[in-house]
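Biologist: Please put the model up, and I will ask about it piece by piece.

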Amino acid sequence: MAGIHASPAELLASLPTAERQKAIESLSLETKAQLAHHWPFWARQNQREPEGDDWVYWLILAGRGFGKTRTGAETVRQWVKTCEMVNLIGATVDDARDIMIEGESGILAICPNDERPVYRKNESKLLWPNGAVSLVFTADAPERLRGKQHMRLWADEMASWRYGEAWDQAKFGLRLGPHPRAVITTTPRPVKNIKDLVKDRATIVTRGTTYDNRANLAPTFFEEIVKRYEGTRLGRQELNAEILEDVPGALWTREMITHLPASALPPMKRIVVAIDPPATSGESSNEAGIIVDGLGEDGRAYVLADRSGVMTPREWAVAAVTAFREFEADRIVAEVNQGGEMVEQVIRSVDTHVPFKAVRASRGKYVRAEPISALYARGLVDHVGQFEALEDQMCSYTPDFDRGNSSPDRLDAHVWAMSDLFPSMVAEKKSPLTRPKLQGPNGLGAQGWMAR
Ligand SMILES: Nc1ncnc2c1ncn2[C@@H]1O[C@H](COP(=O)(O)OP(=O)(O)O)[C@@H](O)[C@H]1O
Ligand SMILES: [Mg+2]
């Protein structure tokens, strides 16, 4: 059945068999061949470029699999017909190459032979047959965008960009030609760039869901993402493209998390890598949380990296030791509740000498996380770039979170790292009975200043 945004292709498919066959038979062989690459035939209404001249930003907020990348690529293909320079910005170098350019719905795949550009990978550019050029930028290297000018831009998955200021640079340079324009295709997250764009009067917002594109998604893909997200809070974002507001009662709000470019980082006094190993490896899709946090010479804390992921024990040990070396960290801290001695053994099998500290949770997660949230509230923590998965976990962490089906592994690791950097904030309360005596029998006992 054709939906409310139906494309001509879908309308054709929804005709009764006899009528449909007649319509298809009336087409010449050549027309049929052309239709395969004729976007106006395939595009649903919410995938068509808005009409009129009074907009600068076309913001497509849509669920996974909606056809965002396809729409962005098709829009670029259309734009190069009249603009000599239509540039691309991907979240990372890999994403720009593997998704926007070489992906299944990327530029090379959607163009017919006579329109397909040549991809100069080493120069990060596309050369179109008509002479137009596309420069390829990425949001993890925002400095490359500085001083660059654009006639048109396509930005993919902007809500996941590590450095939001890439968009400031891009916007600033969007001023060549009579109609500077950008198409922004992304699954939404409640981040500043997206909220600002939605409010901007020069923006046209188009929305769509994963379900809109069901007919074109592999059934296994559709079932897998729908199974993972349907009925969950995150599903409203990932499938229906809602911009989720703050979770009532969560320990963090979006506002509390401030972002800093790497260039503004002060020298570090101490750096720790913390691991929250998954309960079981293998069949479970639990992630290993691996977070690198640092204490600056200015007394403030900085989140430096998130290396978490679904990994085997060997893999997370390698990832942690690699991060330890890369950041010249002071030690690795790991939660050993479930794995016992196994955790240290796995780490030691990768590096025998790495400074290692096992930590055990004697108090609940929420109680451990609270003082860390307080540090944020006092403005003592910055994130060096956006860590979307970690920040999502932080901003949805409520006292009853543990009853949910996913566990906040990245947040756990982060809390362990911060606890190591700010030991006084998380020290167990000492009962009066166990408080060390200040004086020994001779007045200079082992508990006194000499013992330090
Ligand atoms: N209107 C459409 N008609 C046919 N196929 C489409 C349409 N929109 C998207 N697709 C296809 O659906 C798949 C998912 O699209 P993609 O752009 O990768 O989704 P997203 O970026 O939103 O996750 C791709 O194979 C794409 O070519
Ligand atoms: Mg995509």
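Biologist: Which hand does the crossing of α14 and α16 have?

Modeller: This is a predicted model, where local features need pLDDT of at least 70, side-chain atom pairs count only at pLDDT 80 or more, and totals for chains, interfaces and linings use all residues. Residues are numbered from 1 along each chain as its sequence is written, with chains lettered from A and ligands numbered from 1 in the order in which they are written. Helices are DSSP runs of H or I with at least four residues, numbered from the N terminus. A crossing counts as left-handed if the near helix is turned anticlockwise from the far one by less than a right angle, and as right-handed if clockwise; that of α14 and α16 is left-handed.

Biologist: At what angle do helix α14 and helix α16 pack?

Modeller: Axes are lines fitted to C-alpha atoms over the stretch in contact, and angles run from 0 to 180 degrees between N-to-C directions. For α14 (residues 365-377) and α16 (residues 409-421), the axes are 10 Å apart and the angle is about 65°.

Biologist: Which residues in α16 does α14 meet?

Modeller: Contact requires C-beta atoms, placed from the backbone, within 7 Å. From α14 come K365, R368, A369, I372 and L375, and they meet L411, D412, V415, M418 and S419.

Biologist: Which helix gives the most to the shell around ligand 1?

Modeller: A residue is near a molecule if its C-beta atom, placed from the backbone, lies within 6 Å of it. Ligand 1 is surrounded by 18 residues, the closest being G67, K68, T69, R70 and N216. Three residues of the shell come from the top contributor, helix α5 (residues 68-79).

Notes
Helix = DSSP H or I, 4+ residues; strand = E, 2+ residues; numbered from the N terminus. Contact = placed C-beta atoms within 7 Å.
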